[in-house]
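Colleague: Please take one part of this model and look at it closely. Keep it brisk, and give me the cut-offs as you go.

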Amino acid sequence: MTIAGAAASADFTKICPLVSRRTHSNEYGDAETRSVQVKQVSFGDEGAVIIAGPCSVESYEQTLELAQAVMDCGGDMLRGGAFKPRTSPHDFQGLGLEGLQILHEVGRQTGLPIVTEVMDPRLVEQVGEYADMLQIGSRNMQNYPLLVEVGRFGKPVLLKRGMAASLCEWLGAAEYIAKEGNFNIVLCERGIKAYPSGEYSRFILDLNVLSALRQETFLPVIVDPSHATGVASMVESASRAAMESGAQGLLIEIASGRGDAEKPKCDAAQAIPPAVLERIAGFVRQREEHTMGAKAYAV
Ligand code: PEP
Ligand code: MN
């Protein structure tokens with residue numbers, strides 16, 4: 001079985017039977033999503049999940065301030081990197097263990113569940129001790145020993161799409177996690193490398209893949225408009241487009257917006273200030289009320 005009209009003809013029921021909607025059509029029909037619970041937050045249910053926070057954890061004060069901004073606009077979870085995958089080894093690599101401890105403490109204080117990236121199979125237990133959800137970054141989507149390890153560990157996983165990954169490769173990666181018995185997987189589209197990448201935006205946000213995912217898997221899917229665009233002024237419209245295309249949540253990078261002195265050490269060009277996050281969250285919640293209202297009316 002393949003996506004009607006698609007040029008590629010991958011057989012998802014063979015490549016990834018565990019996460020394929022088609023092999024679970026009784027359990028998860030056309031519109032059903034398997035929900036993934038991260039503490040009080042539920043992915044794939046009626047409400048969209050808003051995750052926001054800094055690209056990287058730089059200090060306790062910065063993390064707490066941004067977590068408060070997430071709380072103030074009704075966000076659901078806090079993101080922040082403690083181990084950063086950087087193009088140059090000379091760039092800031094994250095605070096490591098100290099970053100995890102900061103995230104954990106801020107999570108405890110605010111009640112926001114924490115998602116943070118793990119890059120090394122040997123560190124899954126350590127990161128998992130502090131985080132509520134483990135992020136597999138774009139660059140590691142096909143790091144199979146890492147996928148097996150987070151699968152065995154069992155905590156919820158946010159599986160970002162490799163920047164050049166096909167749908168088949170992405171779902172194959174999810175299958176590695178599921179094969180270890182861990183079905184708590186949320187997929188995250190974060191932009192792909194395509195012809196004009198880099199000319200006016202960092203990557204190309206692939207909205208088509210959201211409909212394809214909906215057909216092929218029951219796993220929830222969210223969108224990261226920050227890395228997908230790489231440009232702060234594009235994040236709001238990308239967020240709106242993602243929600244209209246069926247995203248079940250958003251992952252957004254924010255910064256204080258107080259100017260150069262407080263510029264983030266990583267991905268400064270795409271960080272939006274709390275005021276813009278508030279606008280996006282307002283739009284998402286309003287849209288939710290609208291669709292839930294429409295459903296109630298239909299019943
Ligand atoms: C991130 O979300 O911190 C990140 C590095 O994103 P990606 O892996 O999608 O580049
Ligand atoms: Mn980033």
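**Cavity and ligand sites**

Modeller: The largest cavity has a volume of about 40 Å³ (probe spheres set on grid points, joined across faces, edges and corners). The model is predicted: local features need pLDDT of at least 70, side-chain atom pairs 80 or more, while totals for chains, interfaces and linings use all residues. Residues count from 1 along each chain, chains are lettered from A and ligands numbered from 1 as written, and side-chain values use heavy atoms, without hydrogens or water.

The structure holds 1 cavity of 30 Å³ or more (on a 1 Å grid over protein atoms alone, points where a 1.4 Å probe fits but cannot get out; lining residues have an atom within 4 Å of a point). Arg21, Thr33, Leu210, Leu213, Arg214, Thr217, Leu219, Val221 and Gln248 line the largest cavity. Helix α7 (residues 208–216) gives the largest share of that lining, 3 residues (a helix is a DSSP run, H or I, of at least four residues). By class, the lining has 4 nonpolar, 3 polar and 2 charged residues.

Now ligand 1. Around ligand 1 sit Arg79, Lys84, Pro85, Glu117, Gln135, Gly137, Ser138, Arg139, Lys160, Arg190, His227 and Glu253 (a heavy atom within 4 Å). This shell divides into 1 nonpolar, 4 polar and 7 charged residues (Gly counts as polar, Pro as nonpolar). Arg79 places a polar side-chain atom 2.8 Å from one. For an N or O atom in the Lys84 side chain, the distance is 3.0 Å. For Lys160 the corresponding value is 2.8 Å. The protein covers 97% of the 300 Å² of accessible area that ligand 1 has on its own (Shrake-Rupley, 1.4 Å probe).

The manganese ion (ligand 2) is coordinated by Cys55 (SG), His227 (NE2), Glu253 (OE) and Asp267 (OD), at 2.0 to 2.5 Å (donors are N, O and S atoms within 2.8 Å, or 3.2 Å for Na, K and Ca). Along the chain, the donor spacing is C-x171-H-x25-E-x13-D. Cys55 lies in the loop between β3 (49–53) and α2 (60–72), and Asp267 in the loop between β10 (249–253) and α10 (274–298), so the pair ties together parts that are 212 residues apart in sequence.

Note on methods
A polar contact is a pair of N or O atoms within 3.5 Å; within protein, one must be able to donate a hydrogen and the other to accept it, and residues adjacent in sequence count only if both atoms are side-chain atoms. On a 1 Å grid over the protein atoms alone, a cavity is a set of points where a 1.4 Å probe fits but cannot get out, and a pocket is an open set with protein on both sides within 12 Å along at least five of seven lines; lining residues have an atom within 4 Å of a point. Helices (H or I, at least four residues) and strands (E, at least two) are DSSP runs, numbered from the N terminus.
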